Amino acid sequence: MTTGGAPDLHQDQDLHLHLHPDPGAGPATPDLEPDPVDLWVIRTDQPAPVVHRLRQLLDRTELHRAGAGRDPERTDRFTVVHGVVRLLAAERLGVAPVDLVWRRGPHGKPEPVPDGSVAGSRLRLSWSASGALAVLALAEGRRVGADVEEIRDERVAARVASRYFPDTDVRFVAAARSPGARAERFTRLWCRREACVKVYGGRLAQGLGLPLAGPVPLRLPDAGPLDPGPCWVRDVPVPGPFRAAVAVEGDRPFLVRRRRWTAAGLPFIR
């Protein structure tokens, strides 16, 4: 239980998305029990009292970053994302949200250190925000990446895809029958790409050339310049004009349990 009272962690549904091997993707381990990944869907536009409560959970660095912007809407959304991440990670670890310490990798990927120790924990996480929506993926003992994006403008999608994506992905985007469909395909591939990069805490440039077009679940025999080992990636449905994806390292299959965070029962924080 989280110190100060546990938040009411409502869930709308569990999506058991089993990853089965692609016959042409090389050896895998389909007989193993899949590992669960919890994907929390978070609405970032919250009432002022909720934003105020969540702000009290942030550390000095987060408060500084939240206050650095001049756009109140962006500041409030940042506060909601980072406050809820603290609540959910702390709840899994059995610590108070304010006691959670982050250890960051070379390119900024966070890992929770519940008591400030070097040892840390087996909990791995990744979060992403786009406008009014955010997602947080939580996994035990396996590196995980998650990304959410609002569907991009078709002109931007076509320009970026043609410049940075591998040929297979460029053809996949171009083959869509309408500008809207091309923008949707591009956004879907972009989410997969970001999710793979976030698994390893790498730089986006390292993942731009990954071939990610095709049906999911998609197994990459290796993650190119990110890592020599395999990883799995798949799309996850989210509400509104958004697309999302989750990726996990290793050959072992995984399932995604999608949950929805609400502020109901959020403990009062003085």
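Helices here are DSSP runs of type H or I with at least four residues, numbered from the N terminus. That numbering gives the name H6 to the helix followed by Gly-201, a residue whose phi is positive, near 65°. The model on screen is predicted.

**The whole chain**

Of its 270 residues, 47% are buried. For contacts with a separation of 6 or more, 64% are between residues 24 or more positions apart.

**The four-stranded sheet**

Next, select strands E6, E7, E8 and E9. They form an open sheet in the order E6-E9-E8-E7, with antiparallel pairing. Which strands stand at the edges? Strand E6 (144-150) and strand E7 (218-220) do, and because each has a single partner strand, one side of each is left without a neighbour in the sheet. Direction ignored, neighbouring strands of this sheet are turned by 20° against each other on average.

**Strands E8 and E9**

Select residues 231-236 for strand E8 and residues 242-249 for strand E9. The two pair in the antiparallel sense over six bridges. To see individual partners, pick Trp-232, whose bridge partner in E9 is Val-248. Then pick Val-236, which is bridged to Ala-244 in E9. Between the two strands lie five residues, and together E8 and E9 form a hairpin. Gly-240 sits in the turn and has a positive phi of about 75°.

Now display the side chains of E8. Are its residues buried or exposed? Six of its six residues are buried, and the strand is mostly covered. In a regular strand the side chains alternate between the two faces of the sheet. In E8, Cys-231, Val-233 and Asp-235 point one way, while Trp-232, Arg-234 and Val-236 point the other way. All of these residues are buried.

E7 and E8 pair in the antiparallel sense over three bridges. Leu-220 has Cys-231 of E8 as its bridge partner. Then step back to Pro-217, in the loop between helix H7 (204-207) and E7. The peptide bond from Val-216 to Pro-217 is cis, with omega near 5°.

**Helix H6 across the sheet**

Select residues 179-200, which make up helix H6. This helix lies across E6, E7, E8 and E9, and runs at about 150° to E6. H6 has 22 residues and reaches 33 Å from its first C-alpha to its last, close to the 32 Å expected at 1.5 Å a residue.

Within H6, pick Thr-187. It is buried, with a relative accessible area of 0%. What does Thr-187 touch, not counting residues up to four places away in sequence? The residues are Glu-149, Glu-150, Ile-151, Arg-152 and Arg-243.

**The aromatic cluster**

Finish with Phe-165, Phe-186 and Trp-190, which form one aromatic cluster. A pair of aromatic rings is described by the distance of the centres and the angle of the planes. The chain has four aromatic pairs. Phe-165 and Phe-186 form a stacked pair, 5.3 Å centre to centre with 15° between the planes. Phe-165 lies in the loop between helix H4 (154-164) and helix H5 (167-174) and Phe-186 in helix H6, so the pair ties together parts that are 21 residues apart in sequence. Phe-165 is buried with a relative accessible area of 5%, and Phe-186 is buried at 0% relative accessibility.

Phe-165 and Trp-190 also form a stacked pair, with 6.2 Å centre to centre and 25° between the planes. This pair links the loop between H4 and H5 to helix H6, with its two residues 25 residues apart. Trp-190, like Phe-165, is buried.

Key
Residues numbered from 1 in each chain as written. Predicted model: local features only at pLDDT ≥ 70, side-chain atom pairs only at ≥ 80, totals over all residues. Heavy atoms only, no water. Pairing = 2+ DSSP bridges. Axes fitted to C-alpha atoms, helices over the stretch in contact; angles between N-to-C directions. Contact = heavy atoms within 4.5 Å. Expected span 1.5 Å × (residues − 1). Buried < 20%, exposed > 50% of the residue type's maximum accessible area, 1.4 Å probe, protein only. Phe/Tyr/Trp six-rings, centres within 6.5 Å; stacked < 30°, edge-to-face > 60°.
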